Amino acid sequence: MENRLPTSDKDFVQSLIPQRAPFVMVHELSEYSESHLISGFEIKEDNLFVHDGFFQASGLIEHQAQSVALHTGYKYYMLGKDAPTGYIGAIKSFEAEILPKIGDQLKSEVTILNEVMGVTLVDIVTKLNGEVIAKSQMKTAVK
């Protein structure tokens with residue numbers, strides 16, 4: 001398959017993850033390697049996780065989890081296969097320094113720490129304007 005990065009092609013990015021509107025929390029795929037990914041997401045006013053103008057912590061977690069799904073989806077795309085459905089198996093840690101606002105552009109960096117038998121351990125760092133606003137470590141599993 002063709003390497004199409006970086007891309008903010010909405011249809012292509014959405015084809016790599018199992019979620020569908022209005023539950024899509026990734027809009028861009030900037031970088032990919034076997035152990036790394038950078039995703040982007042712009043917070044819109046009609047987002048399900050926006051409350052009083054702020055993107056809630058639960059939305060940050062979902063954005064981070066979908067960034068992991070994007071890594072898996074792009075890996076399968078490069079192999080010419082359909083991506084499997086994945087799930088959050090466990091959230092080991094999550095910290096949010098601030099809650100971003102409508103119009104903010106998030107960048108999340110996924111680092112794959114370990115992958116065994118469909119279970120992936122990842123570190124995820126989310127930045128806003130180059131500043132870290134959220135960090136997590138989670139396990140995801142594919143169906």
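Mentor: Start with strand 7, residues 119-128. Keep in mind that the model is predicted.
Trainee: Which residues of strand 7 are on the covered face, and which on the uncovered one?
Mentor: Thr120, Val122, Ile124, Thr126 and Leu128 make up the covered face. Val119, Leu121, Asp123, Val125 and Lys127 make up the uncovered face.
Trainee: How does strand 6 pair with strand 7?
Mentor: Antiparallel, over 10 bridges. Strand 6 covers residues 105-116. Ile112 sits opposite Val122 of strand 7.
Trainee: How many residues lie between strand 6 and strand 7?
Mentor: Two, and the strands form a hairpin. Look at Met117 in that turn: its phi is positive, about 50 degrees.
Trainee: And how does strand 7 pair with strand 8?
Mentor: Antiparallel again, over 10 bridges. Strand 8 spans residues 131-142. Val125 has Lys135 as its bridge partner, and Leu121 stands opposite Lys139.
Trainee: What holds paired strands together in general?
Mentor: Strands of a sheet pair through backbone hydrogen bonds.
Trainee: Zoom out for me. What is the strand order in the sheet?
Mentor: The order is 1-2-6-7-8-5, in an open sheet of six strands with antiparallel pairing. Strand 1 and strand 5 are the edges, each pairing on one side only. On average, neighbouring strands are turned by 20 degrees against each other, direction ignored.
Trainee: New topic: helices. Which strands does helix 2 lie across?
Mentor: Strands 1, 2, 5, 6, 7 and 8. Helix 2 runs at about 55 degrees to strand 8.
Trainee: How far does helix 2 reach from its first C-alpha to its last?
Mentor: It reaches 32 Å, with 22 residues, 57-78. That is close to the 32 Å expected at 1.5 Å a residue.
Trainee: How many residues of helix 2 are buried?
Mentor: 17 of the 22, so helix 2 is largely enclosed by the rest of the structure. Just after helix 2, Gly80 takes a positive phi of about 75 degrees.
Trainee: What about Phe23 and Phe49, how are their rings set?
Mentor: Their centres are 5.7 Å apart and their planes at 55 degrees, so that pair is tilted. Phe23 is in the loop between helix 1 and strand 1, and Phe49 in the loop between strand 2 and strand 3. Phe23 is partly exposed, at 31% relative accessible area. Phe49 counts as buried, at 16%.
Trainee: Which residues form the aromatic cluster?
Mentor: Phe12, Tyr32, Tyr74 and Tyr77.
Trainee: Last one: His36. Is it buried or exposed?
Mentor: Buried, because its relative accessibility is 17% and the cut-off is under 20%. His36 is in strand 2, residues 36-42. Its side chain makes a polar contact of 3.4 Å with that of Glu31. Leaving aside neighbours within four places in sequence, His36 is in contact with Glu31, His71, Glu109, Val110 and Ile112.

Terms used: Residues numbered from 1 in each chain as written. Predicted model: local features only at pLDDT ≥ 70, side-chain atom pairs only at ≥ 80, totals over all residues. Heavy atoms only, no water. Helix = DSSP H or I, 4+ residues; strand = E, 2+ residues; numbered from the N terminus. Buried < 20%, exposed > 50% of the residue type's maximum accessible area, 1.4 Å probe, protein only. Polar contact = N/O pair within 3.5 Å; in protein donor to acceptor, adjacent residues only side chain to side chain. Contact = heavy atoms within 4.5 Å. Pairing = 2+ DSSP bridges. Expected span 1.5 Å × (residues − 1). Phe/Tyr/Trp six-rings, centres within 6.5 Å; stacked < 30°, edge-to-face > 60°. Axes fitted to C-alpha atoms, helices over the stretch in contact; angles between N-to-C directions.
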